[in-house]
Amino acid sequence: MARIDQATVNKIIETADIVEVVSDYVNLKRRGSGFIGLCPFHSERTPSFSVSKTRNYCKCFSCGEGGSPVSFIMKIEQATYPEALKILAKKYGIEIQEHELTEEEKEAVTERESLFALNDYALSYFQKTLTQSQDGRDIGLAYFRERGINDAMIERFRLGYAHEQRDAFARAALAKGYTKKRLIDTGLCYQKENGDLQDRYAGRVIYPIFTVSGKVVGFGGRVLRSDKKLAKYVNSPESAIYRKSYELYGLYQAKQTIVKKDKCLLVEGYMDVISMAQRGVTNVVASSGTSLTEGQIRLIHRFTENVTLIYDSDPAGIKASLRGIDLLLAEGLNMKVVLLPDGEDPDSFAQQHTTTEVEEYIQAHEVDFITFKTRILLEGVGSDPIQRSKVAMEIVNSIAVIPNEITRTIYIGECSRLLQISEEILTRQVAVAYTKRREKEADRQQHSRAEQSLQQQPDPSTEFATSPAPTPDTPPEVKRPVSEKAAFLYPYEEELLRLALRYGCMKICDAVMDNNGGVRPMSVVEYIKLELDNDEIRLENPVLAQTLDEIQRIETTTWSADQRQRRGEALKHRDEARAAGIEEIRRTAVDVKSIDAMEKTLEEKIEADYQAEMADYAMQYVSRLMTSAPNDAIRELSIKLVNDKHQLSKIHTKYAKVETEAERLAELVPLAIFNLKEAHVECQIKALNQSIRATYAASQLSDMESIKRMMKRLDELNELKKELAKYLGERILSPRK
């Protein structure tokens, strides 16, 4: 068992582009210098998920989720740190260099990694069985050929076959070293009463189920024997890596076409997806025979707002699926419905028609949900007023879930025309239903917030008893301070750490190297370390201290080499820009004087671009690595502190140049250090006062020498506090003032 080496980790972090990574999961649209889309981590209808290519960072301004490419993959895929790195390495074609794990590291390998590894083995096993075994070719492959599926689709969807023997796969997997427990946990096998393992998919053709990023999380199997005792389809049970209500069959293969066409076609079964894709209609996904869920709908919404449901002509099946329409509407999707001719389903229809015919039929026959639902519900109702009123209320309740008021109004008008009911009456009924739904949702959210509040009550022992201080704004993974001193110091330590995270490798001043006056640039993190070491200050809060130590390690071990490499790349860019610029000058200049002026302007521009590229690299270096750190607590804390808390108003900045934090480092970093030092002095003063009181109470003035020494030290501390206060008073407010 091996671990990815650090050089490969750094290469993955350096290469991964946040826009490219997020685009695999979210339909992004350019806005200004960045991109925006619907947040994949919570349900929303107005885009608030911002992606910055320059910062290589994403953030939702509604729920607060976000991070680097690595942390984004970890959250969206529910992956471990090594899994996320491997996903990114595969995306960018980076070869994984590994070294053997220690015994301790081997014990840290998660259950999820093991389950994914077993599923990968099963995928390969079923594929080989289909194409390389006699039974696979004679039974499984023959079935797909009979259904009209070609080799390209078999490969595209990674179709397979499981041997008829009830324990063939179990024996093969156990021989490869996979455990009995893992075989049961994935659902690939189940255990009989006598303890023997049995293959879940024996004698079935296999349809692998992939996540959006292409990881196999489950399987569907169709029996080929006409045995009424056997279920026609068997799917993987829920597991640590598979939740069927959050997966859609075919989405991994269809996502790019869905984004390109800005439309998703939704069908029911595996073969519907495969046959449509074979016909060239590749923006198709399936709910795999289950009722459509909110999780699946939100998955679609990441890529498009336009969905067309394709139904066969079975009325009973259609009525059973109508709930899915309301869920789609509630998510704010633009929804249409296509009803296929009698006796047809998407599979058979695609097999019997050309690509053009399939696409033209969908375009010609897709109708809005009001027309479709009204037509379906009115079948067999006739002129019965009671039944017609029930149909009307069904439609009203569907309209009421639509979040957009204009869309609701348009559908009310359409409903009025179809049911011949006054718009005024329908409007009132929709308003009542809409209000009830909002109240119910508000109650649910309030109940949820109350539960969270009870779970997150602060520990009273962490509050500073005599001097109010801001409540430490710690992420869930970071434990609250265990002492009064740590709680009091937290906001000052956090602010200093934030500056180190965001600007750690940027130059803040020149450091004198020798008695001859030689100097070299000093970085922010070097300056912080020097100042804290001079006063023997160590951060009191463990995760903050650990994070600062890691920043210092990065600055002293990898920064110099990486900076040299980036400088070489920047110089190459500069030379290329100069050559291209000179060529343009030669082509467009009219005389020697204009050539000189244009060359001077060119040199100034390429030099400014070079300096900006190096400064930008230095500014992002620490935050890029720390927001992709393997330690969960450090990574989450880094993500929180790197995020911009505020954004200046466009009105405020339109006509004035506003100094950025990066331009004010020479002021802000010393200020943060002096704030922390003053806070330490206050802690010492408080502790000394307590000691004086305790000594006096215990000795009743018999230990005057100790009391005098403490009083003298107290005077020194108060004098130091005055000096610090004088410095701070001439500058911006400290965090607690």
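Start by selecting residues 49-52, which are strand S4, and then strand S5 (residues 57-60): 4 bridges join these two, and they run antiparallel. Here, strands (E, at least two residues) and helices (H or I, at least four residues) are DSSP runs, numbered from the N terminus. Two strands pair if DSSP finds at least two bridges between them.

Before we go on, a word on what you have open: this is a predicted model, in which local features need pLDDT of at least 70 and side-chain atom pairs count only at pLDDT 80 or more, while totals for chains, interfaces and linings use all residues. Residues are numbered from 1 along each chain as its sequence is written, and side-chain values use heavy atoms, with hydrogens and water left out.

**Stop 1: around S5**

Stay on S4 and S5 and click Phe-49. Which residue is its bridge partner in S5? That would be Cys-60. Now look at the hairpin of S4 and S5, which has 4 residues between the strands; Asn-56 takes a positive phi near 55° there.

Show the side chains of S5 next. Tyr-57 and Lys-59 point one way, Cys-58 and Cys-60 point the other way, and all are buried. Buried means under 20% relative accessible area, exposed is over 50%, and partly exposed is in between (1.4 Å probe, protein chains only). In a regular strand the side chains alternate between the two faces of the sheet.

S5 and S6 run antiparallel and are joined by 2 bridges, with Cys-58 standing opposite Gly-67. The hairpin of S5 and S6 has 5 residues between the strands, and in it Gly-64 takes a positive phi near 90°.

**Stop 2**

S3 and S4 run antiparallel, joined by 3 bridges, and Ile-36 stands opposite Ser-50 in S4. Is S3 covered on its two faces or open? Both faces are covered: Gly-34 and Ile-36 on one side, Phe-35 and Gly-37 on the other, are all buried.

Strand S2 (residues 29-31) pairs with S3 over 3 bridges, in the antiparallel sense. Look for Arg-30 opposite Phe-35. The hairpin that S2 and S3 form has 2 residues between them, and Gly-32 in the turn has a positive phi of about 65°.

**Stop 3: Val-9 and helix H1**

Select Val-9, which has its place in helix H1. At 4% relative accessibility, Val-9 counts as buried. Leaving aside residues up to four places away in sequence, Val-9 touches Ile-4, Tyr-81 and Leu-85; contact means heavy atoms within 4.5 Å. Try the distance tool on Val-9 and Pro-82: they are 73 residues apart in sequence, but 9.2 Å apart in space, C-alpha to C-alpha.

**Stop 4: helices against H26**

Now show H1 (residues 6-15) together with helix H26 (residues 592-626): their axes come within 11 Å and cross at roughly 120°. Axes are lines fitted to C-alpha atoms, for helices over the stretch in contact, and angles run from 0 to 180 degrees between N-to-C directions. H1 and H26 are therefore oblique to each other. Angles under 35 degrees count as roughly parallel, over 145 as roughly antiparallel, 65 to 115 as roughly perpendicular and the rest as oblique.

Asn-10, Ile-13 and Glu-14 of H1 make the contact with Tyr-617, Arg-624 and Leu-625 of H26.

Ala-500, Leu-501, Arg-502 and Tyr-503 in H22 meet Met-619, Val-622, Ser-623 and Met-626 in H26.

**Stop 5: an open sheet**

Finally, select the open sheet of 4 strands with the order S8-S11-S12-S13 and antiparallel pairing. Its edge strands, each pairing on one side only, are S8 (160-161) and S13 (233-235). S12 (residues 216-223) and S13 pair over 3 bridges, and Gly-221 has Val-234 as its bridge partner in S13.

Two helices pack on this sheet. Helix H6 (residues 111-132) touches S8, S11 (204-210) and S12, and its direction makes about 35° with that of S12. Helix H12 (residues 270-278) touches S11, S12 and S13, and its direction makes about 80° with that of S11.
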